[in-house]
Amino acid sequence: VKQSGQLEKSIAVLPFKNESPVDSNRYFIDGIMEEVLANLQKIKDFRVLSRTSTDQYKGSDRPTIPEIGKKLGVSYVVEGSGQKYGNIFRLRVQLIRARGKEAHLWAKSYEQEIRETKDIFNIQNEIAQSIASELKATITPEEKQIIEKTPTTSLTAYNFFQRGKVEYVDYRVDNKKEALRNAEHYYRTALEYDSTFAEAYAGLALTYM
């Protein structure tokens, strides 16, 4: 807690719950969570924990929000749930104060038909900027520009990229060698559909490391 009495702008983004009718859509909900996390990390006014710190809280049997906040040493927690049916996805995200008396500070539900990649990116960007606004965080023009940048216009490339990220996280968390091979395959496939997709190159480089 800062001397002024204001809480430190420290945030943990918990794994989003996949409520899709089939588990094969887990990569999509995980991908949104990853991008929300990445966008928040781009705001220097925040201290945002990495996914490796929060992945232990998958599932519905996790501790209470104050317990999680205390264990992770953060003031705020972001949690969400979503589902994908064909080209439609629904998402609910909320920001919760984890220190002191637990309080729900901001929440919003989204429903969106996916026609192009910006249908996904716009929501992910809005979530990060809404949280920043709620916590009165400063977003510089440069940070705003980075957050709002569209990394690819190819839906197919982005889907394979999301699959690659999920596989890579599975490798990092559980040391599954097969997951690492899968991640490499998905990143390579993403680049076949968009050879200018910088984040896919970065993901592929991580698999080599």
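This is a predicted model: local features need pLDDT of at least 70, side-chain atom pairs count only at pLDDT 80 or more; totals for chains, interfaces and linings use all residues.

Trainee: What radius of gyration does the chain have, and what would a compact globule have?

Mentor: The chain has 17 Å, which agrees with the value near 17 Å for a compact globule of 209 residues. The radius is taken over C-alpha atoms, and the globule rule is 2.2 Å times the number of residues to the power 0.38. Along the principal axes, the C-alpha atoms fill a box of roughly 50 × 35 × 35 Å.

Trainee: How many helices and strands are there?

Mentor: Eight helices and six strands. Those are DSSP runs numbered from the N terminus: helices are H or I with at least four residues, strands are E with at least two. In sequence order the pattern reads β-β-α-β-α-α-β-β-β-α-α-α-α-α.

Trainee: What share of the residues is buried?

Mentor: 49% of the 209 residues count as buried. Buried means under 20% relative accessible area, exposed means over 50%, and partly exposed is in between, with a 1.4 Å probe and protein chains only.

Trainee: Switching to the sheet. Which strands pair with β4?

Mentor: Strands pair if DSSP finds at least two bridges between them. β1 (residues 10-13) runs parallel to β4 with three bridges, and β2 (residues 17-18) is also parallel to β4, with two. β5 (residues 88-97) is antiparallel to β4 over 10 bridges.

Trainee: Which residues are the partners?

Mentor: I11 bridges to Y76 in β4, and Y76 also stands opposite R97 in β5.

Trainee: Where does R90 find its partner in β6?

Mentor: At E111. β5 and β6 (residues 103-113) are antiparallel and joined by 10 bridges.

Trainee: And the turns in those hairpins?

Mentor: The β4 and β5 hairpin has two residues between the strands, and G86 takes a positive phi near 60 degrees there. The β5 and β6 hairpin has five residues between its strands, with G100 at a positive phi near 70 degrees.

Trainee: Why is β4 called largely enclosed?

Mentor: Because nine of the 10 residues in β4 (residues 76-85) are buried. Helix α1 (residues 26-41) is also largely enclosed by the rest of the structure, since 13 of its 16 residues are buried.

Trainee: What's the span of α1?

Mentor: 22 Å from first C-alpha to last, close to the 22 Å expected at 1.5 Å a residue. The expected span is 1.5 Å times one less than the number of residues.

Trainee: Last one: is T207 buried or exposed?

Mentor: Buried, at 9% relative accessibility. T207 sits in helix α8 (residues 198-208). Leaving aside neighbours within four places in sequence, T207 is in contact (heavy atoms within 4.5 Å) with Y168, L180, A183, E184 and Y187.

Methods: Residues are numbered from 1 along each chain as its sequence is written. Side-chain values use heavy atoms; hydrogens and water are left out.
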